[in-house]
Amino acid sequence: MADLLTNAAAEQAQIGPGGLFMATLRRDLMLSLRRKSELVNPLIFFLMVITLFPLGVSPEPGFLAQLAPGALWVAALLATLLSMDGLFRTDFDDGSLEQLLLSPQPLFIVVLAKVLAHWMLSGLALTLVAPVIAVMLFLPAEGMPGLMLSLLIGTPTLSLVGAIGAALTVGLKRGGVLISLLVLPLYIPVLIFGTSAVQAAVTGLPLGGYLALLGALLALGLALAPLAIGAALRISVSG
Amino acid sequence: MSDKKWMPRWFYQLASPRWCYQICGKLLPGFTIAALVLLIGGTVWALLFAPADYQQGNSFRIIYLHVPSAILAQSCYMLMAIAGAIGLIWKMKVADMVAKSCAPVGASLAVLALLTGAIWGKPTWGSWWVWDARLTSMLILFFLYLGVMALNSAIESESTAAQASAVLALVGLVNIPIIKYSVEWWNTLHQPATFKLTEKPAMPAEMWLPLLVMVVGFYLFFAVTLMMRLRNEILRRERRAGWVKEILLSNSAV
């Protein structure tokens, strides 16, 4: 028995925090890449929401350019939110989430890797397609760096906060609408600073301050959100 | 257990649903009378005797309802989050029940603050709703309450629901200052806070004294509602316990 324990301890010692992080990241990316339709869905949603603005408000270029920073950020935020529900759902359904919680590895790192994998396929993808869609809304070229940088720094925070909501609702049959109710109010600061950064870039004002604030939110989220996600997962799975 | 001697006995008796029910029952009459006296006295003082504002005339008097409910809506969130944390850490059932009872009260206070704000905004700013920083953050606070309540009712198991909403309330608590400052930088039209702990109020004493009475009265009223809800919640959750039966039987016998 003692041998077994020491053997198990030795096996665990072989995989450090870095290894654990990379292993989880690789697993989640691979699993998501195998379901291509789910990957593309948030991007299509982003494009569709953006299409609704000119149809619903006005196709006039000057007006759309004014609307663009906010519309792009709101659409990106909603697209992230839409993809959030699936973050832990499949792992919960097939029981692997329970195994992850039971494993002696620190949950903080597992959760961080899962959120990063999710962000790479949602937030990062949105950041990359955003300039193309921004052109459709006549966002001036000066605004593009602000848009991409603010999305690059802001969307990881959206994923981190959204993951808290996803973890809280993973045990529920229909978590979809509920997760929006829980998470949307918490998204407001990111939306405000993100939109302000784009607007500052458009008008030629310095945007460093807004990006720094987004960075501060991201740092806070990186430090605290995994704790809340871990606690929420334990509650949801045990309940 | 010698290290607990500095705490009065009734304090940790509060952790037991049965004792908490009885202690709240003993406190209720006193608190109700005090709340009624302060609220009625404060309202009469505020509406009839406090001087009218030199710019806004009598319309400013809604402040005596608006400010206390806004303060209370925020305090209530704090209480809900702290009670939730206590329930989460020490697995105290009563703390969970306090947190659960707080949410609807806080949400209605937030609605009251928003409604009175809107009614005040019409004569002062000329419109019912203004996208001003403090109105918006009160609206967001209301949304946070709704989120906690929605989560609480969506989860069937009561202990899981309590834990999950406690986590959400704590996440919201971390976010409230961030939301508040981000919204304030975004847009500001509202006057600055009426009461600050560090400064003397800008209003004359005959205006802010009734306001203080109203704030204290609201706090007492809040305590009364909370204790009533808490007692109901205790009875509902402990309905299978023997002492609940005893109490209910002795009540119906009287």
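Student: Which hand does the crossing of H2(B) and H7(B) have?

Tutor: H2(B) and H7(B) cross in a left-handed way. Keep in mind that we are looking at a predicted model.

Student: Okay, and what angle do H2(B) and H7(B) pack at?

Tutor: The angle is about 150 degrees, and the axes of H2(B) and H7(B) are 7 Å apart. Angles over 145 degrees count as roughly antiparallel, so H2(B) is roughly antiparallel to H7(B).

Student: What classes of residue make up the contact of H2(B) with H7(B)?

Tutor: That contact has 24 nonpolar residues, five polar and one charged.

Student: Let's go to domains. How is chain B divided?

Tutor: There are two pieces to look at: domain 1 covers 21-50 + 204-254, and domain 2 covers 64-194. The C-alpha centres of these two domains of chain B lie 20 Å apart.

Student: How many residues are in contact between domain 1 and domain 2 of chain B?

Tutor: On the domain 1 side of chain B there are 16 residues, in contact with 14 residues of domain 2. Helix H2 (17-49) and helix H7 (205-237) of chain B each supply at least two residues of that domain 1 side.

Student: Which helix gives the largest share of it?

Tutor: H7(B) does, with 14 residues of the side of domain 1 that touches domain 2. By class, this side of domain 1 of chain B has 11 nonpolar, two polar and three charged residues.

Student: Switching topic: how do H4(B) and H6(B) cross?

Tutor: Helix H4 of chain B spans residues 93-125, and its axis comes within 10 Å of the axis of H6(B), crossing at roughly 60 degrees. The crossing of H4(B) and H6(B) is left-handed.

Student: Which residues make that contact?

Tutor: From H4(B) you have Asp96(B), Ala99(B) and Lys100(B), and from H6(B) there are Ala162(B), Ser165(B), Ala166(B) and Ala169(B). Sorted by class, the contact of H4(B) with H6(B) holds four nonpolar, one polar and two charged residues.

Student: Now the two chains. How many residues of chain B are in contact with chain A?

Tutor: 23 residues of chain B are in contact with 19 residues of chain A. Helix H5 (133-154) and helix H6 (158-186) of chain B are the elements giving two or more residues to the chain B side. H6(B) has the largest share of that side, at 13 residues.

Student: How many charged residues are on the side of chain B that touches chain A?

Tutor: That side has no charged residues, with 17 nonpolar and six polar.

Student: And how does H10(A) pack with H6(B)?

Tutor: Helix H10 of chain A, residues 176-203, packs with H6(B) at about 35 degrees, and the axes are 9 Å apart. H10(A) passes H6(B) in a left-handed crossing. The contact residues include Leu182(A), Ile192(A) and Phe193(A) from H10(A), and Leu168(B), Ile178(B) and Trp186(B) from H6(B). By class, the contact of H10(A) with H6(B) has 12 nonpolar, two polar and no charged residues.

Student: Last one: how many helices and strands are in chain A?

Tutor: Chain A has 11 helices and zero strands. Its C-alpha atoms fill a box of roughly 75 × 35 × 30 Å along the principal axes.

Student: What is the radius of gyration of chain A?

Tutor: Chain A has 20 Å, and this agrees with the value near 18 Å that a compact globule would have with 239 residues.

How values were computed. Residues are numbered from 1 along each chain as its sequence is written. Chains are lettered from A and ligands numbered from 1 in the order in which they are written. This is a predicted model: local features need pLDDT of at least 70, side-chain atom pairs count only at pLDDT 80 or more; totals for chains, interfaces and linings use all residues. Domain bounds come from an automatic or database domain assignment. Two residues are in contact if their C-beta atoms, placed from the backbone, lie within 7 Å. Helices (H or I, at least four residues) and strands (E, at least two) are DSSP runs, numbered from the N terminus. Ala, Val, Leu, Ile, Met, Phe, Trp, Tyr, Cys and Pro count as nonpolar, Asp, Glu, Lys and Arg as charged, and the others, Gly among them, as polar. Axes are lines fitted to C-alpha atoms, for helices over the stretch in contact, and angles run from 0 to 180 degrees between N-to-C directions. A crossing is left-handed if the near helix is turned anticlockwise from the far one by less than a right angle, and right-handed if clockwise. Angles under 35 degrees count as roughly parallel, over 145 as roughly antiparallel, 65 to 115 as roughly perpendicular and the rest as oblique. The radius of gyration is taken over C-alpha atoms; the globule rule is 2.2 Å times the number of residues to the power 0.38.
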